[in-house]
Amino acid sequence: MVDVDYEGSRRELQTDAGVLRYHEVGDGPPLLLLHGSGPGVTGWQNYRGVVGELGERFRCLILEFPGFGVSDPGDGHPMMMAGASVGRFLDGLGLDEVDVVGNSMGGIVAVNVAIAAPQRVRRLVTVGGPGKALFSHGPSEGIKLLCEFTDNPSREGLVRWLHSMVYDPAVVTEELIEERWRLATDPTTLAIAKRMYSTEAFAATMAAAKKSTAAPYWSQLDKVQAPTLLTWGRDDRVSPLDMAMLPMRDIPRAELHVLPDCGHWTMIEAREAWLSAALAFLTRPESADRLP
């Protein structure tokens, strides 16, 4: 395992939309890691527990999306800013093609990149997303708790949401709660989060999606050319497992790995099993990828 050092791995990239901050760990082919969207989240928090092992085989690049308190904030919707930042980041580093790991919202961002610019994604691993609920009722328990916290931030509300992210409540430590609380209640970060997860903003997004004539990303999954490993917690209460059915069926070279007794954070709660599956997939010979 390579050394994992927060300060030593910090990097900055100036772009035309502000400074993007990221962490760089390891050496080898580039592996871009994209984080999720919950209160107080950062890319470092999502991947610090696995980047040491991934860094043995890859040049790991953990991008901090605009609007989450690390990179410069930006004026747009967090999801839109996240998507636009990936192209700027890859262009800025001169990277034409990368492997990508995306957690939750980061998985949706990664799939959108794979649809719009398939030449940039060699292989794709997702964690608890993308997809569309086929059997469960939406919004999910985790999304409802996320909106409740964003509307009225409280420490108790944050703990309730964090518990919805995991199967084992012991994963939610006091240290994790304090770390998340500190960043989630930063005034600028909270204001940007309200653009996405306040009850009003979330309802407006859903209403706009119903009226839109544009094809949603989940209806274009057949355009993803990259071999894709979908990893999912069997007990995910944020993105229920039935969401995996559509990408599993429609992405031509998709494989689904379901981890038992595990919630939304498979790379944290099922660390060893997730690493084993992700590394095996990312490092296997290309001849092992079956063509559709």
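This is a predicted model: local features need pLDDT of at least 70, side-chain atom pairs count only at pLDDT 80 or more; totals for chains, interfaces and linings use all residues.

Q: Ok, back to P285. Where does P285 lie?
A: P285 lies in the segment after α13 (271–283). Helices here are DSSP runs of H or I with at least four residues, strands are runs of E with at least two, and both are numbered from the N terminus. Between P285 and M80 there are 34 Å in space, C-alpha to C-alpha, and 205 residues in sequence.

Q: Now the inside. Which residues touch the most other members of the largest nonpolar core?
A: Those are L32, L34, L54, F65, V86, F89 and W274, in a core of 82 residues. Helix α5 (residues 105–116) gives the most to this core, eight residues. A nonpolar core is a set of buried Ala, Val, Leu, Ile, Met, Phe, Trp, Tyr and Cys residues joined through side-chain atoms within 4.5 Å.

Q: And what does L54 touch?
A: Leaving out residues up to four places away in sequence, L54 touches L31, L33, C60, W274, L275 and L279. Contact means heavy atoms within 4.5 Å.

Q: Let's switch to the backbone. Where are the cis peptide bonds?
A: One joins G129 and P130, with omega about 10°. Another joins G138 and P139, with omega about 0°. P130 sits in the loop between β6 (121–127) and α6 (141–151), and P139 is found in the loop between β6 and α6.

Q: Which residues other than glycine have a positive phi?
A: S104 is one of them, with phi near 55°, and D261 has phi near 50°. S104 is in the loop between β5 (98–103) and α5, while D261 is in the loop between β8 (254–259) and α12 (266–269).

Q: Is S104 buried or exposed? And what about D261?
A: S104 is buried, at 13% relative accessible area. D261 counts as partly exposed, at 40%.

Q: Helix packing next. At what angle do α7 and α8 pack?
A: Helix α7 (residues 155–164) and helix α8 (residues 174–184) pack at about 120°, with their axes 10 Å apart. The contact uses R155, L158, V159, W161 and L162 of α7 plus E174, I177, E178, R180 and W181 of α8. Six of the contact residues are nonpolar, none polar and four charged. Axes are lines fitted to C-alpha atoms, for helices over the stretch in contact, and angles run from 0 to 180 degrees between N-to-C directions.

Q: How are α9 and α10 set relative to each other?
A: The axes of helix α9 (residues 187–197) and helix α10 (residues 199–211) come within 5 Å and cross at roughly 40°, so the two are oblique to each other. Under 35 degrees counts as roughly parallel, over 145 as roughly antiparallel, 65 to 115 as roughly perpendicular and the rest as oblique.

Notes:
Residues are numbered from 1 along each chain as its sequence is written. Side-chain values use heavy atoms; hydrogens and water are left out. Buried means under 20% relative accessible area, exposed over 50%, partly exposed in between (1.4 Å probe, protein chains only). Ala, Val, Leu, Ile, Met, Phe, Trp, Tyr, Cys and Pro count as nonpolar, Asp, Glu, Lys and Arg as charged, and the others, Gly among them, as polar.
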